[in-house]
Amino acid sequence: MDFGFCLSPSSHVKMDSVDLTTFNRLKETNPDVNTCIACGSCTATCTAGNFTEMSFRRILLMLQRSKEEEAKKMIQRCMLCGKCTLVCPRGINIRKILLDITR
Amino acid sequence: MNNNIFHPFVLPFVLGMAFVLTYCVVGLIRVIWQLPKEDRKQFLISLVTPKTIWANIRDLFGDCLFHVKIWKRNPLLGYMHSSIAFGWFMIIVIGHVMLFTLKPLEGVEVEGFARSFTNFYYPIFYKHFATETPVFAFLMDFFLLMIISGILIAVVKKIYSKIVGVKRVTKFGFADNMVRFALWTIFPFRLIAEKSNIMAFWWLYSIDLMIFMCMLPFTRYMHIPTEALFILLRHAGLKAREPRKGFALAQLYSCPSCGLCIDACPMSVNDQKSGNTSAYFMKILRNGDMAEAQRIAETCLMCGKCVLVCPVSIESCDIKFSQRAAVPYEIHSDHSYLDVISTEAEHSGDPSGARAFTFGEKISTKPKTLYFAGCMTQLTPKIMRSMKQIMETAGENYDFLDKDGGVCCGRPMILSGKPAEAQAMIAKNTELIKQSGATKLVLSCPICYKVFKEEYHLEGIEILHHTQYIDELVKTGKLKVGKGEVNYVYHDPCELGRAFGVYDEPREVIENVGNLVKAKSEKVESICCGGSLGSFRLTQQERDEITQNSVDDLMFNKPDEIVTACPLCLKTFSKKSPVAVKDIAEVVVENLQANN
C-alpha cells in the first residue's frame, strides 16, 4: 500500500552476518587493537585526514562491521607519518597495524 | 718423488686450498653476475677510474691488512686482529719471497716467481723441506710468535671480553666455533712441528688448515676473502637493491659477526633484544631465514649507528631497506587527493574541498626563507612558535609552508620500504616549494631534512636544518643572544648527526647561550631516543627501555636541561627525562637579547 511516504531503509549492520575474519586475524597479530578506546586522537592529528576523510578509528570500526572494502580504500590515503602512533594514549602501534592490513 | 720437496702431509692443505679457491671464484662470478646491468657497468668503470683506484688501494691496505678501524675502536682489539691476520699474511708473503730467492732446489725445475705456483705449499711447511737463511728464519719466527700472542688475547677475550672493550659478543653456532678452534690451534701446531719436526704435528697442522679452509665458506671467516671484493664494490658507489643478491650478498659474506654493533645498538640495552642487532640480522639473512630477517628488518630503529661503528663499513641499513621493500603489499597507497592542494587563490573556499596554500605577498625584496615544520613539529608547536620568533627577531623575510598542516615529506613511506609510493608527496612538496619563490628552505625535523637532502631536486634552494640556520643567524650577527648560566647537554638526533655529520653547528649555538656539558656517548656514538619512525615493530614498552637508557646516558654529567634538535626526540625524551627537555630553538628564544 502506498501512503505517499515510507520508513527509510534500515542502516544498521546485522552483526550476525558480519564476517570478522580480517579483524580477528588482525587481533591475533596485533593484540593492541583490543585496547583502543576510540578516543579519536589519531584522527585529529592525521596528516592525510587534513585533506581527506582518513581516520584510523573509523578503519577499525569498519573492519569490525566487515566493511573491508571501504577500510582498504581509506587506508590508501595514509602517509605513514606516524603522528597517530605518537599521540595514541594507549600506545597502540598504529603504523604497524596499517601496514599489516595492507599486506 | 723427491722427499725434499714433497711429503703426503701437504695433501690435506692442498685439498683445502683448492676447495676454498674454487668456492671464491664461483662466488665472485655469482656476485658480479647478480649485479644489475648498470651496476655492473658502474663497477667495471670504477676499477679503472684513478680516484677509485686510489681509494681501493688505500682501503685494501688500511682495512683488510692493517685493520685501522679496529685499532681506532680499541687498540688491544686492533692488535688481536692484526697480529693474527697481518701476521699470517706476512708469513705467507715472506715464505714466498724465500721460495723464489732460494738457490736451485733439488727436484724443482722452475725458478723465481713461478715456484709460487708449482710449489705453493712449500712456504707453509718450509721448515720440513729446507733449512732457511737466518734473516728469513728470524722474520718467520717473529711473525709466528706475533700470531700466537694474538691468539692468546683471543682466548682471553672468549672468557672475558671486556678486556678488549667489548661488553657483548656474538653467540656462534657449531660451525663457527669449530672453525675458530681450528684457527686457534693451527699456529701452535705449526710452532711445535717446526721446532720438533715430529711428523704427527705436521699432519695435525695440515689437517687443521684443511678444516679451516673447507669450512671457511660456511662460517663468518668468509669475510677474509669477501671483504676485498666488498671494498671494490663499495667504492664503485653501489647500493644494495635486493636483500640476498649481488652487492648485498657480498656484504652478507663480508660481515665478520664481530659483534661490535651489538654493544652499539640501542636495542641491546635489553639483553634479550640483542638478537635484533645487525650482526645477527646478517647471519640470519645469509642463512636464508627470510621470515626472521623480515622481523628484524622491521624492528630496527634505523639509527645508523651499527653502520658507523662497523669495522668493515657494511651498509646494514640499506640491506634492511631492501628487505623491507621485498615484501609484497596487496594494497598500494593512493595519494592522488593531494591534487586538491594548490597555491592558486581561486581555490580557497572551494566547496569541493580544494585547499589553497597561500604564501605571503612579496613585500620585501629580501630573499625569502621558507620554513617547513613537518608532521612531527606540528605535534610540538612550541618549536614552531620559537622559530617564528627567531625569524621575526632576525628580521628575515619568511614564510610558512605548512602553517595549517602540510604534506608529509615522504621519509616515513620510504622507511617502510615503499619508495615509489612516496613520490606523490615528494612531487607535491617540490611543487609548493618552487612556487613559493624562496631561496632557502629551513626544516625543524631531521627526518624531513634527510629526505629533502637525498630525494628532492630543489635546485637553487639551500636546504638547512634549523640548527644550521640559527647558527648562521647568530654568526652573521642578525640574531643577538646572551649567555646564560644553565648547563645544557645536547642530544644528537640520528638523522642529523650520523646521517649528515651536523655535530658542530648545534653545539656552537648552545655554547653561545649557555654552558655545554658532555653526554657519556656523543656524536657518532649518540644513542637513539627510541622514538624513531624507522621501527615498525617495537612496542611502546620496548621503546621506553631504549629511551630510559638514552636519557641516563645524557644525564651522565648532571646537566640542568637536555637540548635536542628533533621534535621526535623532544617528544620521546619528555616522557622519561628527570630534567626539562627543550628544542634548540626554544633555548635560543629564552636567551635572546632585548636589544635585537
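**Figure 1. Strands β7, β9 and β10 of chain B pair up in parallel.** Strand β7 (residues 487-491) of chain B runs parallel to strand β9 (residues 561-564) of chain B, and four bridges join them. Strands here are DSSP runs of E with at least two residues, helices are runs of H or I with at least four, and both are numbered from the N terminus; two strands pair if DSSP finds at least two bridges between them. Tyr490(B) stands opposite Val563(B) in β9(B). β9(B) is also parallel to strand β10 (residues 580-583) of chain B, again through four bridges, and there Thr564(B) has Asp583(B) as its bridge partner. This is a predicted model, in which local features need pLDDT of at least 70 and side-chain atom pairs count only at pLDDT 80 or more, while totals for chains, interfaces and linings use all residues. Residues are numbered from 1 along each chain as its sequence is written, with chains lettered from A and ligands numbered from 1 in the order in which they are written.

Figure 2. Buried means 20 or more other C-beta atoms within 10 Å of a residue's own, exposed means 12 or fewer, and partly exposed is in between, with C-beta atoms placed from the backbone. Leaving out residues up to four places away in sequence, Cys448(B) touches Phe372(B), Gly374(B), Cys409(B), Arg411(B) and Leu443(B). For contacts, the C-beta atoms, placed from the backbone, must lie within 7 Å.

**Figure 3. Helix α5 of chain B has a bend at Ser82(B).** The helix covers residues 75-101 and bends by about 30°, taken as the angle between axes fitted to the seven residues ending at a residue and the seven starting there.

**Figure 4. Helix α3 of chain A keeps its buried residues on one face.** In this helix (residues 56-64), Phe56(A), Ile59(A), Leu60(A), Met62(A) and Leu63(A) are buried. Seen down the axis, they fall within an arc of 160°, so they line one face of α3(A); the arc is that of the directions from the helix axis to the C-beta atoms. Their cover includes α1 (21-29), α2 (41-45), α4 (68-75), α5 (83-87) and α6 (94-102) of chain A. After α3(A) comes Ser66(A), with a positive phi near 55°.

**Figure 5. Ser313(B) and Lys523(B) have positive phi without being glycines.** Ser313(B), with phi of about 60°, is in the loop between α16 (305-309) and α17 (316-325) of chain B. Having 17 other C-beta atoms within 10 Å, Ser313(B) is partly exposed. Lys523(B) has phi of about 50° and belongs to the loop between β8 (515-517) and α26 (540-554) of chain B. Lys523(B) is partly exposed too, with 15 other C-beta atoms within 10 Å.

Note on methods. Two residues are in contact if their C-beta atoms, placed from the backbone, lie within 7 Å.
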